[in-house]
Amino acid sequence: MIPNPTIALLIFSILVLLIYLGIKTRVWNRRTKAQRLKAQVEDVLKQLYHVQHSNKKATLNAMAGALKMSDSKLVYLLEHMAGLNLIRLKGQHIYLTESGTDYALKIIRVHRLWEKYLSEETGIDKSEWHQRAEMMEHNLTADQADELYRSLGSPRFDPHGDPIPMKSGEIIESSATPLSGIHPGKYVRITHIEDEPEVIYKQIINEKLHIDQQLKVLSCDDNKTRFLSEGIEYELSTIVASNISVKELNDEESFEAQAVRLSTLKEGEKAKVVGISKECRGANRRRLLDLGFIKGTTIETGLDGPMEEPKAYRIKNTLIALRNDQADLILIEKIAS
Amino acid sequence: MSDQNNQIDDIISFASSLRWKVGDDFHDKLTEAIYSDAAVITSRVETKGDDEKSYHFDRLLDRILTSRRFGFLIMALILSVILWLTIQGANYPSSMLNTLLLELIYPTLKSVSASIGLPWWLDGFLFDGVYMAVAWVIAVMLPPMAIFFPLFTLLEDFGYLPRVAFNLDGLFKKSGAHGKQALTMSMGWGCNAAGVVATRIIDSPRERLIAIITNNFSLCNGRWPTQILIATIFIGALVPSGLSGTISTLAVIAIAFLGIVFMFLTSWLLSRTMLKGEVSTFTLELPPYRPPRFWKTIYTSLIDRTIIVLWRAIIFAAPAGAVIWLISNIDIGSTSVASHAIEFLDPFGILIGLNGVILLAYVVAIPANEIVIPTVLMLTVAHFNITGFGAGDGVMFELDSVSETENILKTGGWTLLTGINLMLFSLLHNPCSTTIFTIYKETKSWKWTSVATILPVVFGVVVCFLIAQCWRLLF
C-alpha cells in the first residue's frame with residue numbers, strides 16, 4: 001500500500017530536474033529558424049551602423065569579433081543581406097545602403113525606446129535593461145514602437161543618454177567627449193554612460209555614477225581619472241572613464257559644489273534640498289516630489305531606527321522614512337546652524 | 001498659400017530641432033518649479049500652531065519605541081498580549097455562540113421541520129448541510145475577529161503600527177518586501193482575507209503583490225484550533241503527560257514560525273523572479289501620535305473588517321455545507337460519492353503522508369478552514385463505519401473529548417506522520433475561498449490570484465511528500 005520511498009524520491013528528483021531544465025532552456029519559447037536569421041541580420045545592421053557612426057570602416061574580421069560570430073557564418077549573413085540590398089561590399093569594407101541605414105535606425109529606435117520603457121514603467125534593475133532590449137528590438141513592429149513612443153510621452157533620449165531616432169530616421173549627433181579626455185579643473189555633467197561592454201557598465205553602476213551627475217575633474221593621466229562629485233571623491237581607470245561621456249556645464253548651469261547626498265546628513269544637522277537625482281525615475285520620483293522633496297525645502301534627521309535602514313527624516317513637519325539607496329539619490333546642501 | 005505652408009513646416013522642424021537641445025528632463029524641471037512656487041506661496045500664508053510640547057513627547061516616545069534596545073522587545077510584547085487576549089478571550093463568546101447556534105437553534109429547527117413534515121432530503125440539505133456550516137463558521141470565526149481587529153485598529157489609530165513597519169523594514173527589505181508587510185502579516189494571523197485587504201496600506205505595486213501572495217503563510221484564526229488539536233493528540237502524546245501541554249504549544253508556535261520563514265522565502269523568490277518587473281517604490285510616513293478615538297475605531301473595525309469578512313465567509317460556507325451534505329448522501333452504486341472520492345484520493349494522500357479523507361476535506365472545506373476538522377471527523381466516521389459518534393451522514397460534528405477524537409482518527413489509520421503532515425498541510429495549502437475572492441478583488445488579476453492560490457498548495461504537497469519519504473526511510 002505504501003509506495004517505496006526510494007523510488008518515490010527518485011521520480012520526484014527527475015521531475016524537478018526536468019522542470020528546471022525546461023525553464024532554463026525556455027523550451028516553450030524557442031525562436032524559429034526564420035526568426036533567428038532575422039535577429040542575426042538585425043544585429044549585424046546595428047553593429048555596422050555603430051561602426052560607421054564613429055567614422056570607422058567595417059571589416060569582416062572586426063565585425064566577426066564584435067558580434068562573436070564565426071567568419072563563415074558572418075559571410076553567409078552578409079551575402080544574404082547584400083541580396084536584400086541592405087549592405088554593399090566594396091573591397092575589404094562593408095557599407096550600409098540607404099535602406100540598410102533606415103532599417104538599422106529602426107532597430108536602434110526600438111532598442112532605446114524599450115530601455116526607456118523599462119526604466120520608467122517597470123521595476124527591472126538597470127543592469128538588465130540592455131539585455132532585455134536586445135531581445136525586444138527584434139520583436140516589436142514599427143507601429144508598436146510608435147505606440148510605445150507616444151505612451152512614454154515622446155521621449156528623445158534613452159536612460160543612458162543616447163538619442164532615440166525619430167520615426168523618420170532623424171537623429172542628432174552627440175557632441176559629448178569622453179571623461180578620460182577632460183582637463184583637470186573643468187566642471188562637467190555626465191551625458192551618456194555606454195552600456196557595452198557589460199563588465200565596465202556594471203562597474204560604473206556599482207560606483208553609483210549616473211546621467212546628469214555634475215563632476216569636477218581633479219586629475220587625469222594615462223591610467224587614472226580622479227574627480228569630485230556629490231561630496232565624494234572618485235577614482236576610475238581610464239578604460240572605465242572613457243565609457244562615460246560628459247559635457248562642460250553651460251552658462252545656465254552652476255556647479256553645485258556644496259551638494260552632497262542626503263545619506264551623509266548626520267544627527268542634528270540641517271540641510272536644504274538641492275534636488276532629486278535623475279537616477280530616481282518614474283513612480284519613485286513622483287512619490288518623493290509628492291512628499292515634499294523639492295528644491296529649497298529644509299530637512300533634518302528624524303529617527304535612526306534599530307537597524308541600518310530605513311532612517312526617518314523630518315521634512316515639512318512630517319517624519320518620512322527612506323531607505324539608504326533612496327537617500328543616496330536626494331541631493332542636499334548642508335546649512336550651518 | 002504655399003508660402004504659408006512652407007513657413008509652418010519651417011516652424012515645426014525648428015521646434016523639433018529645439019526639442020533635441022532642451023533635453024529630456026524639461027517636464028521634470030517644470031513640475032519641480034511648480035511645486036517650489038506652490039511651496040513658497042503656502043509658506044507666506046500658512047500659520048502654524050504651537051505644538052512644542054506634543055512634539056517633544058512624540059520624539060521621546062519615538063526614541064523608545066524605535067530604539068535598538070527596546071524596539072523589538074516592546075513589539076514582541078504587544079503582539080503576544082494581543083494574540084493571548086484574542087485566543088483566551090474568544091473562548092467564552094465562542095462557546096456561547098456554539099451553545100446558542102448548535103445546541104439550541106439547531107434542534108429547534110430540526111423539530112420544527114419534523115413537525116411540518118419536510119422531506120428528509122430537504123431537511124438534511126438545509127439544516128444538516130447549509131445551516132450547520134454557516135453556524136460553525138460564525139461560532140468559530142466571529143469572536144476572535146471581533147477581538148483581534150479592534151485591538152489592531154486601536155494601535156493603528158494611535159500611530160504605533162507605522163513604527164513597527166519602520167523597525168522591521170530593514171529585515172523585510174532583504175527579502176524584497178516592504179516593512180508594512182509586517183503589519184499585513186500579523187493581520188493575517190487574525191484572518192487572511194482581512195490581511196489581504198490590509199495590504200492597501202502598501203503603496204508600492206511590487207511589494208503589495210508580494211504581501212498579498214504571501215499572506216496565506218500567516219496561520220489564520222481558522223487554522224489555530226486545528227493545529228492545537230492535532231498537536232495535543234499526536235505530539236503532546238510523545239512526552240510525559242506533565243509536559244504534553246507545553247510541548248504541543250511549542251509545536252504550534254513552531255508551525256507559526258515556519259509560516260514566517262516561508263513568507264520570507266517566498267517574498268525573496270517572487271521579488272527576484274515573477275515580480276521583478278513590477279514597479280517598486282518605498283515610502284513610509286510616520287504620523288504623529290494621537291489618542292485613539294476609541295468608539296469610532298471599534299465601530300469602523302467591526303463594520304469594515306469583521307462584518308465584511310464574516311459576510312463573505314457565510315456566503316461561501318453555505319454552499320460548502322450543501323456540498324458536504326450532498327456528497328455524503330448521494331450514492332453511486334452502493335457507496336456514497338464521498339467514499340468514492342476518498343478511495344480515489346487515497347493513493348496520492350498516502351504517498352504524501354496524509355490520506356484520502358484529509359484531501360477530500362480540504363477540497364470541500366475550501367470556503368473556511370474552520371470546518372476542516374469537523375468534516376474530517378464526519379467523513380472518517382462515515383467511511384470507516386464507526387458507530388456511536390456523529391449525527392449521521394453529512395452532518396459535521398466535533399467532540400469535546402480529545403481522547404475520543406484521537407480514537408476516531410486512529411481508527412481512520414492516522415499515525416504520528418499523518419499528524420505532523422496535517423499540521424504542515426494546514427499551514428501550506430491554498431487560501432480559503434473567501435481569501436481567494438478577496439485577492440481577486442484587490443488585484444483584479446486572474447494571474448496573481450492563481451499564483452496566490454496554487455503556490456502554497458505546491459509548497460504543501462512537496463513539503464509533505466519529502467517529509468513522508470524521509471520518515472519512511474528512517475523509521
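Which residue just after α18(B) takes a positive phi? In this predicted model, Lys444(B) does so, with a phi of about 55°.

**Chain B as a whole**

- The secondary structure of chain B consists of 19 helices and 3 strands.
- The C-alpha trace of chain B spans about 95 × 70 × 60 Å along its principal axes.
- Of the 475 residues in chain B, 51% are buried.
- Among the contacts in chain B with a separation of 6 or more, 77% are between residues 24 or more positions apart.
- Chain B exposes about 22,400 Å², and 69% of this area is supplied by carbon and sulfur atoms.
- Chain B carries 31 positive and 35 negative charges, whose mean positions lie 7 Å apart.

**Helix α18 and the residue after it**

- Helix α18 of chain B runs over residues 433-443 and is mostly covered, with 8 of its 11 residues buried.
- The buried residues of α18(B) are Ser433(B), Thr434(B), Thr435(B), Ile436(B), Thr438(B), Ile439(B), Glu442(B) and Thr443(B).
- The cover over these buried residues includes α8 (192-198), α9 (205-214), α12 (294-329) and α19 (446-474) of chain B.
- Lys444(B) is placed in the loop between α18 and α19 of chain B, and its positive phi occurs in a residue other than glycine.
- Lys444(B) is classed as exposed because its relative accessible area is 58%, over the 50% cut-off.

- Thr184(B) is found in helix α7 of chain B, which covers residues 181-190.
- With a relative accessible area of 1%, Thr184(B) is buried.
- Apart from neighbours within four places in sequence, Thr184(B) is in contact with Gly195(B), Ala198(B), Thr199(B), Ile201(B), Ile202(B), Ala211(B) and Asn215(B).

**Surface patches and a loop residue**

- Glu103(B), Glu398(B), Asp400(B) and Glu404(B) form a negative surface patch.
- A nonpolar surface patch is made up of Leu60(B), Ile64(B), Phe70(B) and Leu73(B), which together have about 390 Å² of accessible area.
- Phe70(B) lies in the loop between α3 (52-65) and α4 of chain B; at 40% relative accessibility, Phe70(B) counts as partly exposed.
- Thr415(B), in the loop between α16 (402-411) and α17 (416-427) of chain B, is also described as partly exposed, at 42% relative accessibility.
- The C-alpha atoms of Thr415(B) and Phe316(B) are separated by 32 Å, and the two residues are 99 residues apart along the chain.

**Salt bridges**

- Over all chains, a search of the whole structure finds 18 salt bridges.
- In chain A, the side chains of Lys46(A) and Glu137(A) meet in a salt bridge with an N to O distance of 2.9 Å.
- This pair links distant parts of the chain, 91 residues apart: Lys46(A) is in helix α2 (residues 33-53) of chain A, and Glu137(A) is in the loop between α6 (129-136) and α7 (142-151) of chain A.
- Lys46(A) and Glu137(A) are both buried.
- In chain B, the side chains of Asp62(B) and Arg163(B) meet in a salt bridge at 2.7 Å, N to O.
- Asp62(B) lies in helix α3 of chain B and Arg163(B) in helix α6 (residues 160-174) of chain B, so this pair ties together parts that are 101 residues apart in sequence.
- Asp62(B) counts as buried at 2% relative accessibility, and Arg163(B) counts as buried at 1%.
- Arg290(B) forms a salt bridge with Asp157(B), in which the closest N and O atoms are 2.8 Å apart.
- This pair links distant parts of the chain, 133 residues apart: Arg290(B) is in the loop between β1 (284-286) and α12 of chain B, and Asp157(B) is in helix α5 (residues 120-158) of chain B.
- Arg290(B) is partly exposed, with a relative accessible area of 38%, whereas Asp157(B) is buried, with a relative accessible area of 13%.
- Salt bridges that share partners join Lys46(A), Glu134(A) and Glu137(A) into one network.

Notes. Residues numbered from 1 in each chain as written. Chains lettered and ligands numbered in written order. Predicted model: local features only at pLDDT ≥ 70, side-chain atom pairs only at ≥ 80, totals over all residues. Heavy atoms only, no water. Patch = residues over 30% accessible without salt bridge, like charges linked within 9 Å, V, L, I, M, F, W, Y side chains within 5 Å. Areas by Shrake-Rupley, 256 points an atom, 1.4 Å probe, with all protein chains shown as cover. Salt bridge = Lys/Arg side-chain N within 4 Å of Asp/Glu carboxyl O. Lys, Arg positive; Asp, Glu negative; His and termini not counted. Charge placed at Lys NZ, Arg CZ, Asp CG, Glu CD. Buried < 20%, exposed > 50% of the residue type's maximum accessible area, 1.4 Å probe, protein only. Helix = DSSP H or I, 4+ residues; strand = E, 2+ residues; numbered from the N terminus. Contact = heavy atoms within 4.5 Å.
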